[in-house]
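Please look over the sequence and the structure before reading on.

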Amino acid sequence: IEREKGQTKKSVDQYALQATQDHKKEELLRTEKLHIKGCLRFGVGIACDWCLRVPCSRPEVFGQTCDDERIDVAYLRARKLPPSKRLDFMNKAILDDPDGPGRYLLEKIYGCRKPLDDTQYSALRRLWVVASIRTPQEFVREALVLRPYQFAARWSGGRKPVEMPRYTGAARVRLVTKVVDAATGLRTVREQAAALPPLS
């Protein structure tokens, strides 16, 4: 830690952060290459300028951007499950169910020129996982996202707390926080109302 000229607060030397920045960039590029390689191997025609964008693409934050009844139904069913089973259920409903929206979402993410056939979708589906911006206990639709599998594993359990919001988009994360806070407040009001004596 050094004090630079004119500064009153301690700060970390800029070069001390460089390795972390490089590692993040390397991870992004490595994951991106894996996806492009998978698309080429299975003959998927993707957008010529495709890349993993930061913040991520709109279809990746499908809980906020995709108005699809299948997502609504899956979400409402998942809410009735114990928190530990909610994301497993969502993965099956979104990505594994033949009638689920997974194929449509991946086509949008990759900018496919033609619809994915079964073989192509099966191959690309393995690269993605349904995850949540918040914990399964704070389960709101707006928190549901599609993550490259490598990122989901890297960020599980709250690890790398700076990378996830940066990749997702700060405004999107703030929206989820507001939704969770509103849901918590509403639940508190309901609990207080239930504890009130009945009107005479």
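## Helix 5 and helix 6

Two axes that meet at 65 to 115 degrees count as roughly perpendicular. In this predicted model, the axes of helix 5 (residues 102-110) and helix 6 cross at roughly 80° and come within 11 Å. Helix 5 and helix 6 are therefore roughly perpendicular to each other.

On the side of helix 5, the contact is made by Gly102, Arg103, Leu106 and Tyr110, which meet Asp118, Tyr121, Leu124 and Arg125 in helix 6. By type, the residues of this contact divide into 4 nonpolar, 1 polar and 3 charged.

## The chain as a whole

The protein chain has 9 helices and 2 strands. Read from the N terminus, the order of these elements is α-α-α-α-α-α-β-β-α-α-α.

Of the 200 residues in the chain, 38% count as buried. Among contacts between residues at least 6 apart in sequence, 62% join residues at least 24 apart.

## Helix 3 and helix 4

Helix 3 (residues 69-79) packs against helix 4 at an angle of about 155°, and the two axes are 9 Å apart. Angles over 145 degrees count as roughly antiparallel, so helix 3 is roughly antiparallel to helix 4. The crossing of these two helices is right-handed.

Helix 3 contributes Ile71, Ala74, Tyr75, Arg77, Ala78 and Arg79 to the contact, while helix 4 contributes Arg86, Phe89, Met90, Ala93 and Ile94. These residues comprise 8 nonpolar, no polar and 3 charged.

## The largest nonpolar core

The largest nonpolar core holds 45 residues, of which Phe62, Leu106, Tyr110 and Leu146 touch the most other members. Helix 4 (residues 83-96) supplies the largest share of this core, 5 residues.

## Thr119

Thr119 is found in helix 6 (residues 118-125). Is Thr119 buried or exposed? The relative accessible area of Thr119 is 51%; exposed means over 50%, so Thr119 is exposed.

Thr119 lies 77 residues from Phe42 in sequence, and their C-alpha atoms are 7.8 Å apart in space.

Methods:
Residues numbered from 1 in each chain as written. Predicted model: local features only at pLDDT ≥ 70, side-chain atom pairs only at ≥ 80, totals over all residues. Heavy atoms only, no water. Core = buried A, V, L, I, M, F, W, Y, C linked by side-chain atoms within 4.5 Å. Buried < 20%, exposed > 50% of the residue type's maximum accessible area, 1.4 Å probe, protein only. Helix = DSSP H or I, 4+ residues; strand = E, 2+ residues; numbered from the N terminus. Axes fitted to C-alpha atoms, helices over the stretch in contact; angles between N-to-C directions. Parallel < 35°, antiparallel > 145°, perpendicular 65-115°, else oblique. Left-handed = near helix turned anticlockwise from the far one by under 90°. Contact = heavy atoms within 4.5 Å. Nonpolar A, V, L, I, M, F, W, Y, C, P; charged D, E, K, R; others polar.
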